[in-house]
Amino acid sequence: MELELRGITKRFPGVVANDDVNLTVRGGEVLALVGENGAGKSTLMNILYGLYKADEGEILVDGQPVKFTSPHDAIAAGIGMVHQHFMLVPVFTVTENVVLGVEPTTSFGRIDIGSARTRVAELSREFGLHLDPDAMTEDLAVGIQQRIEIVKVLFRDAKIVVFDEPTAVLTPQEIEDFFRIVETLTAAGCGVVFITHKLKEAIRIADRIVVLRRGKTVGEADPKTATQEALAEMMVGRPVDLEVDKAPPQLGDVTLRVAHLTVTDANGRAHVSDVSFEVRAGEIVGIAGIQGNGQSELVETLVGLHRAAAGTVALNGEDITTATPRARHRLGIAHIPEDRQRDGMVKDFTITENLALTSYYAPPLSHGINMQWDTARSEAERLVEAYDIRTPSTETSTGKLSGGNQQKVIVARELSRNVHLAIASQPTRGVDVGSIEYIHERLVDLRDKGVAVLVVSTELDEVMALSDRVLVMFGGRLVANLNRADTDHNDVGLYMAGAKGDFMPGDAPGDATPGERAS
Amino acid sequence: MSTPTEIYTDVQLAVGRSFEQVRRARNLGIIYLILAGVAAWVFTGHQGSATFNLDGGRSFGVAATPLAWIVAGTLAVLGGIQLARGLGRWQSAALAAAAVVFVFSLLAWAAAPRSFAFVGMLSQSITFSTPLIFGALAGIMCERSGVVNIAIEGMLLNGAFTSALVGSVTTFWVGVVAAMITSALFAWLLAWLAIRFKVDQVIIGFFINFFVAGLTAFLDNRVLSSNPGYNGVDTLKPLKVPLLHKIPILGPVLFTQTIFVYTAFALVAFLAWAFRSTRWGLRTRAVGEHPKAADTLGVNVNRMRYRNVIAAGAIAGFGGSWFTANVGRFREDITDGRGFIALAVVIVGRWSPVGALSGALVFGFFDALKDKLGFLKTGIPGEFIGMTPYIATIVVVAGFAGRTRAPKASGQPYESQ
Amino acid sequence: MTAAIAPQSQAPDDHLHESPWIHRLSSLRLTSLAVLTALVLGAFIVALSDIDKVKHGDIGGMLTTVKDSYVALAKGAFGSWRGWSETITAATPLMFAGIAVALGFKAGLFNIGATGQMLAGGMAAVWVGFRFDLPAPIHVTLALLAAIIVGGAFGGIVGLLKARTGAHEVITTIMLNYVAAGLALWLLKTSEFQRPGRGDPVSKDIHTSAKLPSLFGFLDRSTLEIRAHTGFLLALAAVVLFWWLMKRSKLGFEFRTFGANADAARYAGMNPGRLTIGAMFMAGAFAGLAGGSEILGGVTQNHATTGLAGNVGFDAIAVALLGRSSPWGTAAAALLFGALKAGGDQMQVDTGVPVDLVLVIRALIVLFVAAPALTRIIWRLKDKGTEGGTPLFRGWGS
């Protein structure tokens, strides 16, 4: 099967998401589609999948023009998609999720769950996916959930499979497993479209690489000859410095001391187990780890949003284990939350109001029981200027800004205060390259001013670029505490996968090493 | 070889019960002890034995005071176990059993030393619960597909009015069909405004409630009151199910009821099966939990919602005609907030048809109990008995709030792009 | 270089620059059109329900009926001192209770319990009113305070339940309305409350010292028909207080943050439990004042019955929805609804068209205001308004 996108254009109010994009993929090959956040990759794939309607251009299957008005049409044409955010109903079993939309039925619309289960088990065996058809989806780990998505696609006899950022939630070792599944798929004659912004993965697996920038196809590259630097330049449109420039750290006293910290959830399950570490003034400590290994819970506990089950947290020698979030804020902890839309801001509020969100409670922003909105507004104007927030006015709704500018509002609010400890969780998630560089610079500035900085990121590259010291979390435990200078991507990747460190030795998956490519 | 994720799942083994669980278990234990206290202090106060009249002249007597002591003892033991180590997987069953014996003891105390119509009261409980079952099923149909239905009250009221008006002019069953159609039209309006224009579903729900309340009162005063021929239908007679109605106690309670009751039970059974085992059920649940996932798999989210909401309207319309059939005519505000109780029943019943049935039966029971205790001069003001189901609802909702799972997408409009 | 091109940044720049005044004007026009549409539909209902004329196909007669009804309605609301007085009298509890609902909405809470809170406040006020003998200004102040505290406590229970257990306020407020009705019925039959010699649930009369002065007392003290009382001034003060709370105070900022995004409020160090309880207490206090002012203003003939809250609690939801929970919007909506009520009563007296028509018109106004798209289709307007905003309902989770 051959699939062609010809002259696809899609406009959103104020933005051209896709501009005359051309693309072909054939059965048995892997096409990598690379581009930075907002380059229009996901829009393009949503058009291909019938979720969006293109304003111009056409889709051809085996040379014949087709019209997709809903995912139903795309599925019928043999196109399958594994979305970046999994499209799984948490309270369904694996089988129920797989058959949804193409349920085999007997009389009275009754689902023939038995035959469906058999087919799921067959596919799982055939492609080496190790899935229990009767498991409840919400009980499964992210990596397993991705396999449900793959079975969903296979169950529908897809000939072209689109993977949207499939490796974001996987360990380096799981990524190798994933690549093997991709190879099985192409060997079975399927065409694969692999959407990513991770260049080395594109080079590793693709037969051809197409680069998107600002909605346009700006070039095609041969993975055998292409370098990451060249691809990055094509992607961003200028030479990119992948490194962060910084001087050696000037270490001060211990600012944050965490000792034997354990955090449990409402069901009594431990998400953080017996974690101890220190962050000194003037250093950046990065916490690496695959999503869901306890980092979120750790950060929430450090800022007081979650109660510690055991252990202590101390700031500048003062025990703050049971302090409220407000008390910690007063003591000089700044927090850039991992989900800015959910926690970090109120979309319907103006920029002024969002900039006041965490320090509204004290002078100069409020006085007694009254808010001082005039002061807040002039302060907001100052921060908009100082932090290069692109907005028509401080009274604009924050929800109307781009992701990068929203994040700058949060960064400005949190880092403009007098802080002793800055905790930045996924500080650059979903942000354009320009804003990434800017935010990284501010974090390094802060370090150089003698602030203790804790960066938590699932992007290993980000942790490695920023940190003076690297901690790795796996299964709720701290499995490594390394000097940045003494380690490399490969090494940290092994810790992230639980393959190295004092964590349950012997249970480590042995054969999945990321190899030289990972460095 | 274990995968990293398997290892991860292993280390997440419980380190013990969380604060939350401990608190809930403690609260439940305290509730047991309070009930035991009430049984011991209050229910031991009436001497003599209560006579429970059954059907066909049969009856049995219960010595109120000894029963109260036994019940109090049992509840105290249960409370003790609950506080000490929890009842584990027996928790729900024990709670249900405790509630039943407690109420039985209450009845014995209230009736002693006289007699009262036990079977009559049970039968009446079921009668009273019927509109709640229909209302709750209408709510469940909507919410399971992701649309909040605050308009159950309006749809019931419309059903009552339309079946009275049309039923008077034509025949009763034509009136019922008209009630189903018009309530389905209101439901369509809810779906249309919610889906097409993304109007807040709660506002539309309240609009329907206000509109129907106003319009039916208006037409009642302006048209029906001066034209009695427009407002009078035959009350429905109970139908005896052959053979089954002869079973003692169960016969008169369950199998000597109107067609509305049988329909309600059948509908509960059908929907419980359909939600679990059919294509429609799977898709409805998917659309209510994660509409985007359903959409990406080619399920038409909004069409599912339209269908379910309209069907819900028809169910509520049918349930509404019960009010008219029960008394033979429409009067202003005849539903008296039953639609809101049905909404509570949806939540107390955790969005499941069988759960809603149980919830509705409990409400029906207390309605019937209020009527009976009024005759029995117990010294408890009738107002307090009247309040019991509402307070019980608050207790149940408060007790289960953290553990219930509403359909995730309930109340949120869905847009594919 | 930092210009983002993500598709989610859908807002074109010209939209960002749009003046708030233009927005407000277009919103005012839409609201007026919504009211007009509702009145037109109401006219159809009046005409079509005139059965005899419909049967004879007497279209002229039907039009006369509509004209007479609406003229009577307008006269009843604004045609005389008495009309104004009735409008104000009906608007007063709607304003208090409307704020009770609007404040809840602002804090992300759906207060369906204004009826119960109002009943609680009214019962407290009437008790203070007949139980004590005090100098007038002190007595009336104490009675109002009692209404605030008891109404607030009744609302506060809801907040407490939600904060401690996560019980959804929609359910608890509905249930507490019934509980309040039961309690009031019981209280009114106790010897403490019940008027001597009466078998039905009617309370004793409040003392004259507990009465709120008449608003138009300067006109003619003997005119009983002028019922408007100074509770209306308190209601206006409550609107100003609500405005100050939401726009100027720290607590209001916390309420608004919590209402728009509870996670962000937690993140920002606000205490969700305290805010939930606080918001529900204040909402209950405003609703309690609605009950208190009805009693002390003499609207209920100086005594309490179980019907003292009437439908105000539910009407208040319509008021808050129509006023989009803003202080001035709520006040305007309460006045409009008060006028409809006053006019509707007159209409029923003059023409025999039942006052319930007003309920239908109110419902339609709420619909057309909530669904501007519908109004635009009917009137073929082209302007694009900003739809949506924060939804009122955020699921049943806690």
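**Exercise 1. The six-stranded sheet of chain A**

Task: In this predicted model, state in what order the strands of the open six-stranded sheet of chain A are arranged, and which strands stand at its edges.

Solution. 
Step 1. The order is β16-β19-β20-β13-β21-β22 in chain A, and the pairing is mixed.
Step 2. At the edges stand β16 (333–336) and β22 (477–483) of chain A. Each has a single partner strand, so one side of each is left without a neighbour in the sheet.
Step 3. On average, neighbouring strands of this sheet are turned by 15° against each other, direction ignored.

**Exercise 2. Strand β13 of chain A and its partners**

Task: Describe how β13(A) pairs with β20(A) and with β21(A), and decide whether the residues of β13(A) are buried or exposed.

Solution. 
Step 1. Strand β13 (residues 284–288) of chain A runs parallel to strand β20 (residues 452–456) of chain A, and four bridges join them. Within this pair, A:V285 stands opposite A:L454, and the bridge partner of A:I284 is A:V453.
Step 2. The pairing of β13(A) with β21(A) is also in the parallel sense, over four bridges. Here A:A288 has A:V472 as its bridge partner.
Step 3. In a regular strand, side chains alternate between the two faces of the sheet. On one side of β13(A) lie A:I284, A:G286 and A:A288, on the other A:V285 and A:I287, and all are buried.
Step 4. Five of the five residues of β13(A) are buried, so this strand is largely enclosed by the rest of the structure.

**Exercise 3. Helices packed on the sheet of β13(A)**

Task: For helices α9(A) and α17(A), list which strands each helix touches and give the angle stated for its direction.

Solution. 
Step 1. The bridges between β13(A) and β20(A), which run parallel, number four. Helix α9 (residues 295–302) of chain A packs on the sheet and touches β13, β19 (421–425), β20 and β21 (469–474) of chain A. The direction of α9(A) makes about 150° with that of β19(A).
Step 2. Helix α17 (residues 489–496) of chain A packs on the sheet too, touching β13, β21 and β22 of chain A. The direction of α17(A) makes about 30° with that of β21(A).

**Exercise 4. Strand β7 of chain A**

Task: Find which strands are joined to β7(A) by bridges, and say which residues cover each side of the strand as buried positions.

Solution. 
Step 1. Strand β6 (residues 79–82) of chain A runs parallel to β7(A), with four bridges between them. A:M81 has A:V162 as its bridge partner in β7(A).
Step 2. Strand β8 (residues 191–196) of chain A also runs parallel to β7(A), joined by five bridges. A:V162 stands opposite A:V193 in β8(A).
Step 3. Strand β7 (residues 160–164) is mostly covered, with five of its five residues buried. A:I160, A:V162 and A:D164 are on one side, and A:V161 and A:F163 are on the other.

**Exercise 5. Helix α4 of chain A**

Solution. 
Step 4. Just after α4(A), A:G128 takes a positive phi of about 65°.

**Exercise 6. The sheet of chain B and the confidence in that chain**

Task: Describe the open three-stranded sheet of chain B, then state where in chain B the pLDDT is below 50.

Solution. 
Step 1. The strand order is β2-β1-β3 in chain B, with mixed pairing.
Step 2. β2 (59–63) and β3 (115–117) of chain B each have a single partner strand, so one side of each is left without a neighbour in the sheet.
Step 3. Strand β1 (residues 49–53) of chain B pairs with β2(B) in the antiparallel sense over five bridges. The bridge partner of B:N53 is B:S59.
Step 4. Helix α3 (residues 64–84) of chain B packs on the sheet, touching β1 and β2 of chain B, and its direction makes about 65° with that of β2(B).
Step 5. Chain B has a mean pLDDT of 85, and 92% of its residues reach 70 or more. The pLDDT is below 50 over residues 1–16 of chain B; beyond near neighbours in sequence, this stretch has 29 contacts in the model.

Key
Residues numbered from 1 in each chain as written. Chains lettered and ligands numbered in written order. Predicted model: local features only at pLDDT ≥ 70, side-chain atom pairs only at ≥ 80, totals over all residues. pLDDT = per-residue confidence, 0-100. Contact = placed C-beta atoms within 7 Å. Helix = DSSP H or I, 4+ residues; strand = E, 2+ residues; numbered from the N terminus. Pairing = 2+ DSSP bridges. Axes fitted to C-alpha atoms, helices over the stretch in contact; angles between N-to-C directions. Buried ≥ 20, exposed ≤ 12 C-beta atoms within 10 Å, placed from the backbone.
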